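Please read it alongside the sequence and the coordinates.

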Amino acid sequence: MPGFSPPASSSPRSRFHDWWSRRRPASGAAVMATGIVSVGLHLAGHEALSRVWLAMAVLAWVALAADFAVRLARERERWLADAGTPGALTAVAATSVLGTQVFARGRQTLAEALLALAAALWPVLLVTVARRWTRSMPGAVFLGCVATQSLAVLGAVLAKAEAAAWLAHTALVLFWLGLLLYVVALCLFDFRQPAEGAGDQWVAGGALAVSALAGAKLLMADDGGLYLWNADDTDVLRGLTVALLVLDYAWYAVLLVAEVRWPRPHYDERRWATVFPMGMTAAATLSVAAAVDLPSLEGPGEALLWVAVAAWLVVAAAAVGSARAGVRSRAPR
C-alpha cells in the first residue's frame, strides 16, 4: 500500500531493543562467569584462550555498563527498582573480576579505575539490596558476600603491585566483612533452592570460593615485603583460606548431586550464576595451591577449570538460542 510503513516493532533493531529491555539486573552474572573463566585459564597457563574469554567479558561489560548509565539517566524509577534486587550486585562483582584480569595483562591504571568504580557502586547497591532482604531468599542473596570479596581480591592484588599496606589492610577488612555477609545470607537462604532454584543457588558455594580466592590473594600480598601479617595472623589466614575452599567443595558436591536428581534443562539467564561458581572454584583452587604451597591442588584445579569452560559453552549456546527466539517472537505475524 502506498505510503504504508510497518510499525517500529517490526524492524529487527526494534525487536532486539524490546528483548534487551526485558533483561534482569542479574545479567551481570554473564560478565562474572566469562571473566572468571578468563582468570582461570590465565592461572592455568592457557594464555590464548584466556585472552579470548577476556575480550568477550570486556564487550559484555561495556554493553551492560552503557545500559546501566542510560537507565540511570532516562529511566530513574526502573533503575531504582532494579537496584533493589540482589542481582544488582553483579555490577560490583563483574567490574572487580574484570579489573583483576586486566591487571594481569599489565593494565594497572585501568585496574585501579575499575576498583574505584566498583568501590563507589558497592555501598550504594549493598545498602539498597540489603534493605529488601527477607526470609527464604534465592541464591542471589549471597551476592552481597561475592561483591564484597571481589573487591577484596582486586584490592589485595593491587596492594601487592603498589606496595600499599593501607590497601591490603582495607582488603582484609572487606574479607572479614564478606564472611559476615555470608553468614547473614546463609540465615536468609531458602534451603529448598538446590532442588528448585533456576541456577543462582550455586552462588551459595561460589561465595565461599571467592572468599577462598580473597584469602589466597591476601596471603600473596605479603610476598612483596610489606610485612602485613605476623606469623600468627598468617597461620590463621592460611587455615581459614583452606577451610573455605573445603566448604566450597562440599557445596559444589551437594549442588552437583541436586542437578542430577532434579534436572532443569530449560534455559534461564540465572544459569550464568551457575557457571560463575564453577569457574571461581577452579580459580580459587589454583590460587590457593600457589598461596599455601600445595601443588597437589593444581591437578584438581585444572580439571575443575575445564568443567567450568564446558558449562560456559553450554550456557552460552542456550543464551544465544534464547535470544534468537526472543527476538523472533516479537516479529510481526
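Is Trp272 buried or exposed? With a relative accessible area of 9%, Trp272 is buried, where buried means under 20% relative accessible area, exposed over 50% and partly exposed in between, computed with a 1.4 Å probe on protein chains only. This is a predicted model, in which local features need pLDDT of at least 70 and side-chain atom pairs count only at pLDDT 80 or more, while totals for chains, interfaces and linings use all residues. Residues are numbered from 1 along each chain as its sequence is written, and side-chain values use heavy atoms, with hydrogens and water left out.

- Beyond residues up to four places away in sequence, Phe142 touches Tyr182, Ala185, Leu186, Phe189, Val203, Ala204 and Ala207, contact meaning heavy atoms within 4.5 Å.

**Surroundings of Trp272**

- Trp272 lies in helix H12, and its contacts, leaving aside neighbours within four places in sequence, include Ala29, Ala30, Ala33, Tyr267 and Trp312.
- Although Trp272 and Met32 are 240 residues apart along the chain, their C-alpha atoms are separated by 8.1 Å.

**Helices H7 and H8**

- Helix H7 (residues 143-162) and helix H8 (residues 165-188) pack with their axes 8 Å apart and at an angle of about 165°; axes are lines fitted to C-alpha atoms, for helices over the stretch in contact, and angles run from 0 to 180 degrees between N-to-C directions.
- H7 and H8 are therefore roughly antiparallel to each other, a label given to angles over 145 degrees.
- The residues of the contact of H7 with H8 divide into 15 nonpolar, 5 polar and 1 charged, where Ala, Val, Leu, Ile, Met, Phe, Trp, Tyr, Cys and Pro count as nonpolar, Asp, Glu, Lys and Arg as charged, and the others, Gly among them, as polar.

**Helices H11 and H12**

- The axes of helix H11 (residues 231-261) and helix H12 (residues 272-291) come within 11 Å and cross at roughly 150°, which makes H11 roughly antiparallel to H12.
- By class, the contact of H11 with H12 has 7 nonpolar, 3 polar and 1 charged residues.

Methods:
Helices (H or I, at least four residues) and strands (E, at least two) are DSSP runs, numbered from the N terminus. Angles under 35 degrees count as roughly parallel, over 145 as roughly antiparallel, 65 to 115 as roughly perpendicular and the rest as oblique.
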